[in-house]
Amino acid sequence: MLYSSISVAYTFVNILLTIIILWKSRGTQIVRFYSFCVGCLVTFGLTSYWLQFELTGSTRWVLSTLSTFLFSVIPFFFLHFVVLFLRRFEILKHKRYLGTMYFTGLFSFAIVLSGFLPSPVEYDGTIRLSSYVYYITWMSILFSVGITLLYSQVKGFSGKNLKSNVLFTGFIVLFLVLPTPFTYSLATIFFPGAFEWYEITATFALLVSVYLLFRHKILLTLYDSFKAALTVMNDIFIMTDEQFTIEAASGALTQVLGFPERSLVGRSLNDLLEQKEYISNYLEYVRKKKMNECQFDADIKDKNGNLLTLNFSFSPVFESDRIAGFVGMGRDITSRKRSEEALRKSEERYRELVENISEGFFISDAKGRFIYASPMVYERTHMTQETLLGTSYLRIVAPEDRRRLHDYYISRMNDGSRDVRVEFRVSQKNGNSLWMEQTTRIIRDAVGQPIEFRSIVRDISERKQAEEKIRLLASALESTTELVSISDGRNGISYVNKALLRTFGYSIEELLGKNPRILLSSNNVMLSNDEAANIFSGGWSGELLGKKKDGTEFPVFFSTAEIKEPQGQVVGIINVARDISIYKNLEEQLLQSQKLESVGTLAGGIAHDFNNILTIIMGYASVIQRAKGNLEKIVQTSEDIKKTVKRGAGIVRELLITARKSETEFTSVNVNELIEDISKLLKDTFPRTIEFRLQTSSSLPNIIADPNQLRQVLLNLCVNARDAMPKGGVLRIETSKLDGTLVQTQFPSASSASYIYIVIADTGTGIPQEIRERIFEPFFTTKERGQGTGLGLSVVYGIVQGHHGFIKLESEPGAGTEFHLYFPVPLHEVEAEIEQPEITEVSKGVETILFVEDETLLMELMKMQLESQGYRVLPAFDGEEAIRIYRQHMDSIAMVIYDLGLPKLDGRESFRELRNINPQVKAIFASGYLDPHLRKVIQEEGAKGFINKPYNSEEVLKTIREVIDAV
């Protein structure tokens with residue numbers, strides 16, 4: 001009855017303990033196998049209990065067989081559990097061990113069935129005493145195991161000493177108080193003759209089991225703690241035999257490697273390591289007792305073949321001076337190695353960068369002593385590492401800069417600065433000095449005190465030299481007489497020199513930021529719209545009219561150029577102007593001398609023509625004298641005389657236009673009309689052996705030009721053509737219009753959309769190659785001394801260039817010469833001035849006119865013509881007489897006609913006196929030639945009109961009438 005009660009109590013306690021362990025531990029593999037063993041033992045107890053009752057034959061047989069089976073194999077189930085509990089997984093890898101174990105259990109089952117060993121239940125259903133001892137013994141063992149599992153695997157027990165100690169004490173009390181095979185064995189010792197050998201062995205087994213379990217509990221707890229530490233540290237624990245065959249491996253790193261712990265057991269560590277010689281060398285040293293512990297880094301392949309770097313620490317385990325094995329730790333240092341490698345590469349790159357850049361780098365301590373210097377520092381200072389390191393940085397500074405540099409750094413150290421920049425000179429051993437720019441980072445400690453200086457130095461000697469050049473250039477720009485301005489990328493003036501300010505009359509504040517067009521006149525009529533837009537785009541040069549602040553205009557030679565960065569980007573435009581007023585005056589004088597030279601060249605032909613004209617007039621005068629009342633013959637002869645006079649007047653007019661001195665005046669010019677006028681003059685003056693051929697285009701547009709200069713060009717080229725044909729020939733003049741793209745193929749700088757094309761060709765001797773190359777040079781001439789100055793073609797070239805045109809020469813010896821002229825056509829066509837039609841009808845008058853003329857015959861002629869139209873004429877033969885007569889007849893004189901060239905007092909001075917007498921006096925002036933500028937001045941002084949000599953009666957009468965009738 002006592003055994004039954006104890007069996008029931010153990011059964012209840014073990015089932016409750018199993019439920020608690022399963023619930024708390026969430027069913028680990030060991031716990032599940034423990035629960036299986038408890039279940040098998042409880043099943044054995046229940047079957048044995050049911051066999052006491054009357055049962056059918058088949059039921060009894062089944063239960064009896066099941067009870068016998070469990071009775072035979074439960075010890076082997078427990079043995080399997082112990083293998084798992086002690087983590088001897090290498091045994092489980094060998095299937096023959098498990099097979100042998102369970103075969104033994106089945107063999108035991110067969111022996112019991114055969115009757116060689118007693119079954120746990122007798123045939124009549126009585127439970128043997130040995131069965132109770134068996135059941136209670138195994139229940140005690142499993143209870144001890146349960147307590148161990150509860151302590152080690154259930155969270156909350158192992159970490160709480162009080163709870164675990166109470167639980168452990170309770171188990172000891174229960175073990176000593178309850179009847180067990182142990183207590184039963186003690187009783188049989190003191191009361192001999194009442195024991196069985198089976199009880200003694202069962203008691204011994206229980207004692208051994210309890211001892212081993214709790215001993216293992218202590219080791220297991222330490223091992224689990226160690227394993228947990230390995231997991232936290234991401235390490236692996238390895239235990240090997242004396243040949244480094246792995247017997248145990250555990251830790252978080254096994255998961256990183258991808259190998260289960262059981263798969264590492266039985267493998268040689270050398271199979272996993274890349275550096276296999278490390279293990280063999282270490283084993284050799286240990287055997288020779290040269291070393292015990294060792295530490296090394298080695299690469300190990302994970303399951304995927306990737307290399308990890310581990311730091312291994314190994315120590316041998318000795319048994320009686322014999323190497324029993326090795327224990328070691330492996331720590332994953334792959335990240336550290338990668339970081340170290342990255343750091344090494346970074347340091348190499350940093351060192352390579354520092355040692356190869358053009359800048360120097362050095363580190364100095366808090367006292368300014370060199371700690372490190374890059375090669376560039378040694379190169380620039382001509383010092384070595386031995387002589388530089390440990391010395392003050394001031395050692396490399398030129399003496400004249402040391403005090404300044406020292407004081408500057410002291411002040412920056414005291415004011416808390418972090419980054420400092422300074423320039424100084426470095427003294428070299430050879431006596432030379434370099435300019436250096438130094439940028440320093442001041443490294444400070446926690447309280448702000450400098451502890452280190454890291455400096456980058458850059459050789460700026462070239463920059464200093466460039467700055468000096470810039471300074472000199474700026475000084476030169478300020479000293480030059482050239483008018484210099486610079487505009488930025490937005491075309492606003494950013495710099496002007498003093499000469500420009502002086503010449504234009506502006507202050508620098510008035511010009512900065514303004515468009516440079518403010519410096520140019522709006523009267524630059526020779527510029528096309530495209531050229532005007534491109535002047536300040538760079539790469540333009542030519543003559544323009546400048547405009548001062550007060551509005552005064554003056555000629556300048558203007559040029560622009562782009563300012564580019566080294567990469568080619570345009571960052572500004574430099575504009576250079578030169579006042580060429582003096583040069584223009586000299587040019588005008590040169591041009592005038594050329595005009596006079598041309599007149600002198602034509603003088604022989606002109607004299608011949610005028611002799612012819614005078615002969616004709618004298619002949620017709622004789623005819624009139626002999627006519628004696630033949631009115632028809634007198635009228636006809638008079639008309640012929642008038643035609644001859646007009647012819648002479650035309651020659652005089654062309655000569656005056658050719659020879660007169662005048663300012664450059666650009667206006668609309670019809671080239672065809674100009675050529676026709678020139679050709680008339682030349683036909684009258686050139687030898688009759690020269691044939692003129694004009695081939696002009698009827699649709700030729702007007703151009704903007706100075707007609708006098710253009711006339712000079714045509715005249716010079718025609719005179720040269722005449723000289724090239726001493727025995728006569730053909731002088732051909734052609735005009736046409738060309739597309740600008742055709743002109744650009746010959747002259748790349750041509751920018752106009754279209755050009756007037758003029759060809760002046762002769763059939764003369766031609767020009768050799770060596771002369772053609774110098775034909776436009778000033779003072780170069782092939783004529784004999786006294787026959788030419790050599791300036792004719794150079795003047796032609798200058799005039800064409802000044803009109804933004806082009807000139808080209810084609811000639812071969814014996815084949816004649818052709819000059820090709822190209823003049824740009826303005827974007828918008830302009831109309832030429834329309835000449836007034838010839839006067840046919842004249843109104844008569846009755847007013848009194850004061851006529852001032854020093855030529856008596858001319859006076860008589862004009863007096864007769866005016867009086868024939870009803871006017872009263874008061875004659876005066878000089879300026880003083882005109883003033884006297886005007887004082888006497890001021891009230892009756894309606895107007896005064898003045899010749900400019902008068903004796904005693906010229907026409908202008910006399911007129912000024914009349915204006916003083918009567919500010920409202922009306923006067924007109926007569927002259928064979930009147931300079932346009934002088935004409936404008938006289939008109940501003942009060943003149944009401946002008947008439948030309950030789951007098952045209954109709955023109956004179958019409959002008960008189962208009963002036964008198966004017967309000």
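**Reading the backbone and the core**

Modeller: Let's begin with Phe244, which is buried, with a relative accessible area of 1%; buried means under 20% relative accessible area, exposed over 50%, and partly exposed in between (1.4 Å probe, protein chains only). This is a predicted model, in which local features need pLDDT of at least 70, side-chain atom pairs count only at pLDDT 80 or more, and totals for chains, interfaces and linings use all residues. Residues are numbered from 1 along each chain as its sequence is written, and side-chain values use heavy atoms, with hydrogens and water left out.

Biologist: What is the phi of Phe244?

Modeller: Most residues other than glycine have a negative phi. Phe244 has a positive value, near 65 degrees, and lies in the loop between β1 (235–240) and β2 (246–250). Helices (H or I, at least four residues) and strands (E, at least two) are DSSP runs, numbered from the N terminus.

Biologist: And Lys904, is that residue buried or exposed?

Modeller: Lys904 counts as exposed, at 66% relative accessibility. Its phi is also positive, about 65 degrees, and its place is the loop between β25 (893–899) and α31 (907–917).

Biologist: Which unit do β25 and α31 belong to?

Modeller: With β26, they make a right-handed β-α-β unit. Right-handed means that, with the strands pointing away from the viewer, the path from the first strand over the helix to the second runs clockwise. Two strands pair if DSSP finds at least two bridges between them; β25 and β26 run parallel, joined by four bridges, and Ile897 has Ile924 as its bridge partner in β26. Four bridges also join β26 to the parallel strand β27 (residues 945–948), where Asn948 partners Ser927.

Biologist: How many residues of β26 are buried?

Modeller: Five of the five residues of β26 (residues 923–927) are buried, so this strand is largely enclosed by the rest of the structure.

Biologist: Which residues have the most contacts inside the largest nonpolar core?

Modeller: In soluble globular proteins, nonpolar side chains tend to be buried together. A nonpolar core is a set of buried Ala, Val, Leu, Ile, Met, Phe, Trp, Tyr and Cys residues joined through side-chain atoms within 4.5 Å. Here the largest has 40 residues, and Ile703, Leu731 and Ile758 have the most contacts inside it. Helix α25 gives the most to this core, with eight residues. Of the 17 residues of α25, 14 are buried.
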